[in-house]
Amino acid sequence: MNQGWTAVATWHWVANDENCGICRMAFDGCCPDCKLPGDDCPLVWGECSHCFHIHCIVKWLNSQQVHQLCPMCRQDWKFKE
Amino acid sequence: MAANTEALNKAWKTIVDFLSPGGRPILEVSFPEIQFQSAVDILVQNGIVNIIEDWFFENVQRDIRQRVAPNFWNYYTSTACQGASEWSDNLLKAVQFLHQVSEEYKPSLQRLESISSGTHPKNSLQTFCGVQKLSDVLITLFKAIIFAQVPNGYQEGLDHFYSEAFKVFNDTNSDNKGGGNEEVERQCDGCGENTEVCRCAQIMDRFHTVNRLLDEVGILEEVSGTSATALVHEKIQQHVEAQCKGRFETSFLESLENWLDTKVLGWLNLIYTGNRTHIGADCISSFRGRLQHFLYKTYAQVQINEFFKIIIDFPESAPAVQDLKACLEKTDMRAQLISTLRSSIETRLLHPGVNTSDILTAYISAIRALRVLDPAGVILELVCDPVRKYLRCRDDTVRCIVSSLTDDGSSELLDELIKGQPLVLDESGHSDDEDEDWEKWNPDPVDADPATASKSRRASDIISMLVNIYGSKELFVNEYRTLLADRILTNFNYEIGREIRYLEHLKLRFGESQLHYCEVMLKDVADSKRINARIKEEKAQRNEQDVVEVNSMILSAQFWPAFREEKITLPEEMQKLLEAYTKKFEALKGNRTLQWKSHLGLMNIDIELKDRTINFKVSPVHAAIIMQFQEKNKWTVEELSKTLQMPATALRRKIAYWQSQGLLKEESNDTFVLVEDHRGHTHDYLMTEDDETESAMASTQAQKEEEYQIYWSYIVGMLTNLESLPIERIHSMLRMFTMQGASTMECTIQELKQFLDRKVKEQQLMYSGGVYRLPK
Ligand SMILES: [Zn+2]
Ligand SMILES: [Zn+2]
Ligand SMILES: [Zn+2]
């Protein structure tokens, strides 16, 4: 087959916001600790439907002594399956 | 008392008789010396022996002034308008006359010397002339009185006399005598006469006689010096120009010195050595020192005048640079070199007619050559400062540097890059504890700018010097990023091994963090390749097959420079292909989706016509247009513009490409048809160039356009309030406004006029009577 098409696209996370609520960096970029976006610095969603860079939320949760709350809505944080 | 006076008078008369040149013949007196001595003794007894010398030299002065000088010059002036050969004969006669005078004075001087030796303090004239011997006083008087005023033409005559002899000498000692040419052989190269009546021997004979006589009189250097020096200087100048001008690939210093020692000094020896009584042995060696200096200076001058070419030819011209370096160490021509080179760089390099890449090439050559010439880097700094300032004003400088750094063609800069030293920038502070070996320390030359650390001057390599044109790595890295993006999105080559290697070199130079974005960009290419392969594999497993295979270049938007935007809605069949790809991507990469840049990319399509199928590689926009014509073979621009949701102007430009390929034809105004049958058809439109080379990235032109939009809002405001304004007022007001605002763009009146004229054309502005106003 002779015919072909090399098309150009940009990839984006399907999220209800542009920036991570914790580090304020773009979801399509990466968290301050990472160098490469996408697979290397993925997003995770909570059951409250808020999402963050995985590294950001893990860091946040580790810093919470008693309850593990979503930093946006203050509900109990549970990773969405 | 009377007897004493009489004795004194008698003694005085005797002394006058003895000491007068050409006076009473000495041989007629018996025992002359005793007679003379007793006369002197009488004067000594009376304590007035001193008056002898005073009287004598007063007489001599009068004699020279009244008799010798007029007679001497008479030899020239009487025949002033005659030929040069007669002049030389007259010179011989004049010198012979002077020699005779000098000889006549000799016995008197000897007597006088014997009286005065040791017994009394030096004569006042002797002290005045700064000489030891009384005979030297005579020489001084000759020089002072005879040569105080020389007649017209005297120096020219002397010059001719010496140059004539030099020619004969040179011809006699010439290495390559005679040639095949008959006519040349019939004429003597030495004297210019026919060989049968050659006067060479005669000329040399006269030459030697004059020099010998002048030396015996004691005025050889006085008479010959100016002519001999001028002649020799002229010969050096001619020789250097003939030998060295325009030849940079050979070193000349050794052969020049050799020539000086054999030819030039050989000639001077002829004048000043060989049984000379008044010429010291150091005469030639001091001549040699002065002439060597002159030779270096002359040679340096010739090369300095051509130094711009020498720089351009470097490294082939390295021998010339080395020679010049040696010359600069021995002469004081540094300042001249700097000013000459600066001005030739300015006139030949720094004007709008020269390409930026050519200026850069010259700049790089200059860095290399000047480093050899002056390792301290001071000349480089002084000379290249205007080059840097000029390059800073050109908008394509960074692009030129970056592309020459990374292009295949120019290996020179690439080699420098691969050397991989970290960047030395001017901005980096210099520490006090420089780990230089103090024993090897050299002071900076006096013309060095004390504001610049000598270490940073020396350590800078070429790439650092190029980057230092701007003093900012960011500008460079940004430009590299744009070029890299452009290359990826034009070539669509997934094999990026070479790009990665460059990037590694650049990282060593500019630092990891600066190039992080570029690293992500290259990773995008590698990831896209993997995703394409995965999707293809899946399709193969499911035995799916498309007419057009879609591959993608999936970019991390945050890390790429701004893209050029273009409005288009692709036809449905094309959209569907992309949607299908998006689905597969979403399945592969959870929670992620794609946004297509429809106008970017490359399509490889077959176009089926009545009699044949033609393959094209074009942008999706071009493809979309031609595909419309496959469904319906006649479209107006308006219809197409509606269907593809594309502005008519952009559409026309794309259509122009297909016209140039002979596939579309403008049937009537703005109505195009597909040309199915190719026979007998000639292209009716030439391809516009920008279609071929259109960049995927937002251009600086587009960025400028944005700036103009800001201006436009100011202009509308001004004209609303003030109704009408001439362009000068608009320009000065804009400058006032933009100085306060964020815009830093410089806009000349010329550029502003172009912009305003465009607005007039677009009917957003009116122009009449020299003023602009808004349409009512
Ligand atoms: Zn984050
Ligand atoms: Zn991260
Ligand atoms: Zn939440």
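Reply: Chain A has one helix and three strands, where helices (H or I, at least four residues) and strands (E, at least two) are DSSP runs numbered from the N terminus. Along the sequence these elements of chain A follow the pattern β-β-β-α. This is a predicted model, in which local features need pLDDT of at least 70 and side-chain atom pairs count only at pLDDT 80 or more, while totals for chains, interfaces and linings use all residues. Residues are numbered from 1 along each chain as its sequence is written, chains are lettered from A and ligands numbered from 1 in the order in which they are written, and side-chain values use heavy atoms, with hydrogens and water left out.

Me: What makes the arrangement around the zinc ion (ligand 2) tetrahedral?
Reply: The zinc ion (ligand 2) is coordinated by Cys31(A) (SG), Cys34(A) (SG), Cys41(A) (SG) and His55(A) (ND1), at 2.0 to 2.4 Å; donors are N, O and S atoms within 2.8 Å of the metal (3.2 Å for Na, K and Ca), and since water is not among the atoms, sites may look incomplete. Four donors count as tetrahedral if all angles lie between 85 and 135 degrees. The four donor atoms here subtend angles of 99 to 124°, and the arrangement is therefore tetrahedral. Cys34(A) lies in the loop between β1 (4-13) and β2 (43-45) of chain A and His55(A) in helix α1 (residues 54-63), so the pair ties together parts that are 21 residues apart in sequence.

Me: Why is His55(A) called partly exposed?
Reply: Buried means under 20% relative accessible area, exposed over 50%, and partly exposed in between (1.4 Å probe, protein chains only). His55(A) has a relative accessible area of 31%, and is therefore partly exposed.

Me: How do you know that the zinc ion (ligand 1) is in a tetrahedral arrangement?
Reply: The ion is held by Cys20(A) (SG), Cys23(A) (SG), His53(A) (ND1) and Cys56(A) (SG), at 2.2 to 2.4 Å. Because the angles subtended by these four donor atoms are 94 to 121°, the arrangement is tetrahedral. Along the chain, the donors of the zinc ion (ligand 1) follow the spacing C-x2-C-x29-H-x2-C. Cys20(A), in the loop between β1 and β2 of chain A, and Cys56(A), in helix α1, link distant parts of the chain, 36 residues apart.

Me: Why are Cys20(A) and Cys56(A) called buried?
Reply: Cys20(A) has a relative accessible area of 0%, so it is buried, and Cys56(A), with 7%, is therefore buried as well.

Me: What are the donors of the zinc ion (ligand 3), and what is the geometry of its site?
Reply: The protein donors are Cys48(A) (SG), His50(A) (ND1), Cys70(A) (SG) and Cys73(A) (SG), lying 2.0 to 2.4 Å from the zinc ion (ligand 3). The angles among its four donor atoms are 104 to 112°, and the site is tetrahedral. In sequence the donor residues are spaced C-x1-H-x19-C-x2-C. Cys48(A), with a relative accessible area of 17%, is buried, whereas His50(A), with 24%, is partly exposed.

Me: In chain B, why is Arg206(B) called buried?
Reply: Arg206(B), found in helix α9 (residues 200-217) of chain B, has a relative accessible area of 7%, and so it is buried. Not counting residues up to four places away in sequence, its contacts (heavy atoms within 4.5 Å) include Ser85(B), Asp89(B), Phe161(B) and Glu164(B).

Me: Which residues touch the most other members of the largest nonpolar core, and what makes a set of residues such a core?
Reply: A nonpolar core is a set of buried Ala, Val, Leu, Ile, Met, Phe, Trp, Tyr and Cys residues joined through side-chain atoms within 4.5 Å. The largest one has 228 residues, of which Trp267(B) and Leu268(B) touch the most other members. Its largest share, 12 residues, comes from helix α4 (residues 84-116) of chain B. Apart from this core lies another, of 17 residues, among them Trp712(B) and Leu752(B).

Me: How do you know that β4 and β5 of chain B are edge strands?
Reply: Two strands pair if DSSP finds at least two bridges between them. Three strands form an open sheet in the order β4-β6-β5 (chain B), with antiparallel pairing, and β4 (634-636) and β5 (664-668) each pair on one side only. Four bridges join β5(B) to strand β6 (residues 671-674) of chain B.

Terms used
Four donors count as tetrahedral if all angles lie between 85 and 135 degrees; four count as square planar and six as octahedral if opposite donors are over 155 degrees apart and all others between 65 and 115; anything else is irregular.
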